[in-house]
Amino acid sequence: MPEISRDEVAHLADLARIDLDDAELDHLAPQLAVILESVASIRGVAGDDVPPTSHPIPLTNVFREDVVTPSLTAEQALSGAPASEDGRFSVPRILGDEQ
């Protein structure tokens, strides 16, 4: 069983900038040992003939070509807006000046 010492847990917590007290270190060390044991057992399941994968089945993303096509002009897009200003949509303010 992989062991992780209390000092190693304290070092990891320090690297992660996590402040742990003595009781938390004593509690976490055995838990992290169990996690390491689980990872080690998974490592032994796959044989040398099984390639590492990120997914159990092959995935193919479906992308369309990025083709420029005619679209609305700024004037056409703004023509249906209730209000516009300086070539942009004008909307009611929802935040005050306290930003």
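Residues count from 1 along each chain as its sequence is written, and side-chain values use heavy atoms, with hydrogens and water left out. Because this is a prediction, local features need pLDDT of at least 70 and side-chain atom pairs pLDDT 80 or more, while totals for chains, interfaces and linings use all residues.

**Exercise 1.** Work out how helices α1 and α2 pack.

Start with the elements: α1 covers residues 6-15 and α2 residues 22-43 (DSSP runs of H or I, at least four residues, numbered from the N terminus). Their axes sit 9 Å apart at about 105 degrees (lines fitted to C-alpha atoms over the stretch in contact, angles from 0 to 180 degrees between N-to-C directions). So α1 is roughly perpendicular to α2 (65 to 115 degrees). Next, who touches whom (heavy atoms within 4.5 Å)? From α1 come Arg6, Val9 and Ala10; from α2, Asp22, Leu25, Asp26, Leu28, Ala29 and Leu32.

**Exercise 2.** Find the residues of the largest nonpolar core.

Look for buried Ala, Val, Leu, Ile, Met, Phe, Trp, Tyr and Cys joined through side-chain atoms within 4.5 Å, where buried means under 20% relative accessible area with a 1.4 Å probe, protein chains only. That search ends with Ile4, Val9, Leu25, Ala29 and Ala33. The largest share, 3 residues, belongs to α2.

**Exercise 3.** Is Arg17, with its positive phi, buried or exposed?

Phi first: it's near 60 degrees, and Arg17 isn't glycine. Then location: Arg17 is in the loop between α1 and α2. Finally, its relative accessible area is 76%, so Arg17 is exposed (over 50%).

Notes:
Helices (H or I, at least four residues) and strands (E, at least two) are DSSP runs, numbered from the N terminus. Angles under 35 degrees count as roughly parallel, over 145 as roughly antiparallel, 65 to 115 as roughly perpendicular and the rest as oblique. Contact means heavy atoms within 4.5 Å.
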